[in-house]
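Trainee: Please take a close look at one part of this model. Then set that part against the chain as a whole.

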Amino acid sequence: MVRYWDIQEFTPENRAEAVREVIANITGRVDIDFPTRGRQVQASGVTSDLGPLTVCTVRSNATQVRRTTRSVRDDLEPSVFVGLQMSGSSTVRQADREAPLLPGDLVLYQSTLPYIIADRNGIGQHFFRIPVNRLALPHALLSQISAVTLSPGDPIAELTASHLRQLATRQSRFAGPGAEALGQPSIDLLRAVITTHLDAVHLAKESLQSTLLLRILEYARAHLAEPGLNAVQVAAAHHMSVRRLYKVMAEGGISLADWIRTHRLEECRNEFRRPSSRLTTIETVARRWGFTDMSNFGRIFRAAYGMSPREWRDLQPAQKKSETASNADAQIVHAPLQ
């Protein structure tokens, strides 16, 4: 289930405490500082659970979040948080280290140690909570990686950030049946980032092998808009032969060409849902997502969805209300999350 929350319905004098209660149910107890000089407290967010992985996005004008020596003794299951900076810049401090974050950067910090997240312009992060036992890494490694910006510019870190951003920005799409199956593979991908960053040779090899298929798919997702995306390009990016690539895909029960086509169609269909799509042509949207043959595009779109792209786009205003009403997996929460 996707849980949305916003504290705007609380009276101004009760908002700060309301935010602390909501966040406590996600991250454990924390102290939160808000700007003074008469500015009202602002905070909203969305949270969902993908099996063992909790996904959360928070936007707030809070300038600092602190988990203190006292609060780490609460009953929150020992967990690791991975923060993904959305915009602007912030810092995460833990264990005498400070990690500066820019958009797209990843950082890890632990629930069992005090930490500080600071952003003078207001907190804006996607963050992901993982039980320590599901990450399955030695405590010593976690201590080395806390409050360290994770491999900026590293291709595995970039693909992981892209994958996590997809989970966070499209939570309602990942909330249906089977959503829990996304949790452990996403944790394994984070494990690969951590072990390669620390050059933990044995663990890194194990992590890279176990996450190979997911990394291949995330690479393909990141390059969907390129018309020439093919097996040769994907294999080269992962330093393997095309034959090896096809074997890995087959072991996962996936055809690369079918996967690329299906996800390109999905991106086009999502664009056609937006009112702004009426300001551009269907061909422009199709080409934006890597299609070059328009007659073939129309044919495969109809085969996939039972109608032409134009019919799908024209249908959207009539469907919008029914789609909203049928979204039984979403729940608006204006009180502490349970």
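Mentor: A residue is called buried when its relative accessible area is under 20%, exposed when it is over 50%, and partly exposed in between, using a 1.4 Å probe and protein chains only. The model is predicted: local features need pLDDT of at least 70, side-chain atom pairs count only at pLDDT 80 or more, and totals for chains, interfaces and linings use all residues. Residues are numbered from 1 along each chain as its sequence is written, and side-chain values use heavy atoms, with hydrogens and water left out.

Take Glu267 as the part to examine. Glu267 sits in helix H10, which runs over residues 256-273; helices here are DSSP runs of H or I of at least four residues, strands are runs of E of at least two, and both are numbered from the N terminus. Glu267 counts as buried because its relative accessible area is 7%. Leaving aside residues up to four places away in sequence, Glu267 touches Arg170, Leu224 and Trp289, where a contact means heavy atoms within 4.5 Å.

The structure holds zero disulfides, a disulfide being a pair of cysteine sulfur atoms within 2.5 Å.

Thr284 gives a contrast. It lies in helix H11, residues 282-288, and is partly exposed because its relative accessibility is 34%. Thr284 and Met294 are 10 residues apart along the chain, and their C-alpha atoms are separated by 10.0 Å.

Now the whole chain. It has 13 helices and 12 strands. Its radius of gyration is 22 Å, close to the 20 Å that the globule rule gives for 338 residues, so the chain is as compact as a globular protein of that length. That radius is taken over C-alpha atoms, and the rule is 2.2 Å times the number of residues to the power 0.38. The C-alpha trace spans about 65 × 50 × 30 Å along its principal axes. Of the 338 residues, 49% count as buried. Among contacts with a separation of 6 or more, 72% join residues 24 or more positions apart. The chain exposes about 16,700 Å², with carbon and sulfur atoms supplying 52% of it; accessible areas come from the Shrake-Rupley method with a 1.4 Å probe, and for residues only the protein chains shown count as cover.
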